[in-house]
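Subject: Structure handover and notes

Dear colleague,

Here is the structure I promised to pass on, together with the sequence. Please open it beside this message, as the notes below are meant to be read with the model in view.

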Amino acid sequence: MLYIFSQIFLCLGLGSLGVSFYLKNYKFRTVCNIVAAIFMGAGYFCLRAYTAVGLNILGLIAYICFYIFKTKNKENPLYFIIILWAITVINGIFTFSGWVSLLPTIASVLFYFSVWQKNTLVYRVLGVITTIFYVLYNVMYKSWFGAIAQSVLLMLSIIGLIMYLVEVSKRAKSNLLKQN
């Protein structure tokens, strides 16, 4: 029964992340990340994948802080991401259970950075990279539904990246034409 719940939670979390790859507004993207961290943490808890649980709890705290910084019109401080990375690495060390457990640790370090900074292109590129890590992680934990859902998320993140690059290219071309 826990397995079924894990798959439902993971899909809900991945759906929220999928939406985030199409949003340009930083606050809305961050809210999607908060929702995703809640569902994905619950899903990985059901699978007893505790490295990912710890990382999702940490991500939840980080995304809430990023949201608060944004609502107060403050930049995300550099010290915050450094502390976040340190805690992530420490979590990875304490929950280390083989090379597979490194996948979510590395993915989390990259994804936290992508949310911490505000550049949409960086967010989308790192979204593709981190999703690849989570596809592998789900396969290794035999979370087939999670692996399929992460694969769908990977396709969505790639499509979102391509759409963004096309939009930027069109804007650049339009600006070039206006200058001539």
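A term is needed before the findings: a nonpolar core is a set of buried Ala, Val, Leu, Ile, Met, Phe, Trp, Tyr and Cys residues joined through side-chain atoms within 4.5 Å, where buried means under 20% relative accessible area. Please also keep in mind that this is a predicted model, and that every value below was computed from it.

Overall architecture

The protein has seven helices and zero strands, and its pattern along the sequence is therefore written α-α-α-α-α-α-α. Its radius of gyration is 17 Å, close to the 16 Å that the globule rule gives for 180 residues, so the protein is as compact as a globular protein of that length. Taken along the principal axes, the box filled by the C-alpha atoms is roughly 60 × 35 × 25 Å. Of the 180 residues, 44% count as buried, and among the contacts between residues at least 6 apart in sequence, 71% join residues at least 24 apart.

In soluble globular proteins, nonpolar side chains tend to be buried together. In this model the largest nonpolar core has 35 residues, and those with the most contacts inside it are Y44, Y63, F66, L84 and Y137. At least two residues of this core are supplied by each of α1 (2-20), α2, α3, α4 (78-94), α5, α6 and α7, while the largest share, eight residues, comes from α3.

The cavity

Rolling a probe the size of a water molecule over the atoms shows where empty space is left. How many cavities of 30 Å³ or more does the count give? The count comes to one cavity of 30 Å³ or more, and the largest cavity has a volume of about 230 Å³. Of the 19 residues that line the largest cavity, the closest to its centre are L17, M40, Y63, F111 and Y134. The elements that give two or more residues to this lining are α2 (26-47), α3 (50-71), α5 (102-116), α6 (120-140) and α7 (144-179). By residue class, the lining divides into eleven nonpolar, eight polar and no charged.

Leaving aside its neighbours within four places in sequence, S20 is in contact with R29, C32, N33 and Y123. A36 is found in helix α2 and is likewise buried, with a relative accessible area of 2%. The C-alpha atoms of A36 and S101, 65 residues apart along the chain, are separated by 20 Å.

Residues with more accessible surface

M163, in helix α7, counts as partly exposed because its relative accessibility is 46%, which falls between the 20% and 50% limits. M163 and V125 are 38 residues apart in sequence and 12 Å apart in space, C-alpha to C-alpha. L78 lies in helix α4 and counts as exposed at 53% relative accessibility; the C-alpha atoms of L78 and Q117, 39 residues apart along the chain, are separated by 9.6 Å.

Two loop residues with positive phi

Most residues other than glycine have a negative phi. R48, in the loop between α2 and α3, has a positive phi, near 65°, and at 54% relative accessibility R48 counts as exposed. N73, placed in the loop between α3 and α4, also has a positive phi, near 55°, and is exposed, with a relative accessible area of 72%.

With best regards

Notes: Residues numbered from 1 in each chain as written. Predicted model: local features only at pLDDT ≥ 70, side-chain atom pairs only at ≥ 80, totals over all residues. Heavy atoms only, no water. 1 Å grid on protein atoms, 1.4 Å probe; cavity = no way out; pocket = protein on both sides within 12 Å on 5 of 7 lines; lining within 4 Å. Points joined across faces, edges and corners; volume = space filled by probe spheres on them. Helix = DSSP H or I, 4+ residues; strand = E, 2+ residues; numbered from the N terminus. Nonpolar A, V, L, I, M, F, W, Y, C, P; charged D, E, K, R; others polar. Buried < 20%, exposed > 50% of the residue type's maximum accessible area, 1.4 Å probe, protein only. Rg over C-alpha atoms; globule rule 2.2 N^0.38 Å. Contact = heavy atoms within 4.5 Å.
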